[in-house]
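This briefing is meant for a reader who is meeting the structure for the first time. Please keep the sequence and the 3D view at hand while going through the points.

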Amino acid sequence: MRFAPVLLILSILCAQTSQPVKSTFEKQPALLLANSTLELTVLPTGGTFASLVLVDDPEKLSPLWNPIRMAREAGEKNAFESSQGHFICVDGFGPVSKEEEAVGLPGHGEAHERPFDVKFYAKQGSVTTLTIATKLPLAQELFERTVRMADGENVIYVESQLESLLAFDRPVFWAEHATIGSPFLEPGVTVVDMSVRRAKTRPYVEAELEGGLPHRLAPDKEFMWPEAPDIHGRKIDVRQAPAEPNSGDHTTCLMDPARKLVFITALHPGKRLLLGYLFKPQEYGWTQSWEFYPPNKKLARGLEFSTQPFDVPRREVVQLNSMFGAPVYRWLPARSKIESRFLMFYTHTPAGFRKVDDVRLENGKITIADHQANKQVTLTASLPI
């Protein structure tokens, strides 16, 4: 019995010094996290979630955006640089000012371009844990992310910390740039649902184009999700990409602050695959939908849950101060940390499941409901959010 504490200490030390499986993704170094249900590919550069597949899916179809593959298939150059999959925008979400650009601050913040170090990796009981971290030298912040997977579950649990190294309070700008792409994002088929309170199209002037694509939505108009006004005054259901794509737009949604947890889902009803996110509206109050719908059908759609409505320079966000009566940034106190959590799930759906009306996390279960079809998906979620 007297050797038990020593054995426990040794087992803990061994677990902490073990490493995740190393892999590659599009010729980039990658880390592979897996259980018997899911395989998640994480890039050490940027901490990006590059691919997510179901172990039992013979097609191994990831819903996450892969612009490198899409450009290769189209015989074009990838125009999106380090942006891919689900990447982190911190501290900053959108373009930078000329002064920020002059000192080397990239758009969407530093984190998505920085190298992350593995701080912890272990399988403890049924739970695999990976913690990665990086320093943001220009913002003078530390960013740490912990990813957990439990055996047999279709759920990934993500916890993040942002720490200030400065001696004064500051506003921070933070988005989870979750992005789906073709072929999971199929024109006229794949649908997005979310728990929304109010919605608005992005302001723009007529000469502005999104990636060279024309706008289909009227600028700076409030609307009732998902019926957004187009440039001709008609209403468009923006849950679905157009069957014949040729447009680029942004809309934003104030997530329902009355809910404990809000949701975003992307469903391919034909392939019966569903990606979803759950998070707290006080941590990510907004979701920007970035629609990139070129005519070659290599589509991308951002499900960008964030602290602010649109990806714009930080001065604009501070000057806006609030929208729909809701805050548009978070405060990071002097030499302190703030946290955020979300979970993502990826699962099969039953035949006839066409729409997500609600997602609830209660008593260790996620329940995803299609009320009209009278169908639901229930997933085990054993860890807290």
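In this predicted model, Thr-37 touches Val-53, Leu-54, Val-55, Gly-152, Glu-153 and Asn-154, when residues up to four places away in sequence are not counted. Thr-37 itself is found in the loop that runs between strand E2 (28–34) and strand E3 (38–42). Its relative accessibility is 13%, and because buried means under 20%, Thr-37 counts as buried.

- Lys-298 and Glu-73 form a salt bridge in which the closest N and O atoms are 2.7 Å apart.
- Because Lys-298 lies in the loop between strand E20 (286–293) and strand E21 (300–306), while Glu-73 belongs to helix H2 (residues 67–74), this pair ties together parts that are 225 residues apart in sequence.
- Arg-314 forms a salt bridge with Asp-91, with 3.7 Å between the closest N and O atoms.
- Arg-314 lies in helix H4 (residues 314–320) and Asp-91 in the loop between strand E5 (87–89) and helix H3 (98–102), so the pair ties together parts that are 223 residues apart in sequence.

**Exposure of these partners**

- Lys-298 is partly exposed, at a relative accessible area of 23%, and Glu-73 also counts as partly exposed, at 46% relative accessibility.
- Arg-314 is partly exposed, with a relative accessible area of 22%, whereas Asp-91 is buried, with a relative accessible area of 3%.

**Salt bridges in the whole structure**

- A search of the whole structure finds 23 salt bridges, including one between Asp-357 and Lys-355, whose closest N and O atoms are 2.9 Å apart.
- Salt bridges that share partners join Arg-148, Glu-159, Glu-339 and Arg-341 into one network.

Definitions and conventions:
Residues numbered from 1 in each chain as written. Predicted model: local features only at pLDDT ≥ 70, side-chain atom pairs only at ≥ 80, totals over all residues. Heavy atoms only, no water. Helix = DSSP H or I, 4+ residues; strand = E, 2+ residues; numbered from the N terminus. Buried < 20%, exposed > 50% of the residue type's maximum accessible area, 1.4 Å probe, protein only. Contact = heavy atoms within 4.5 Å. Salt bridge = Lys/Arg side-chain N within 4 Å of Asp/Glu carboxyl O.
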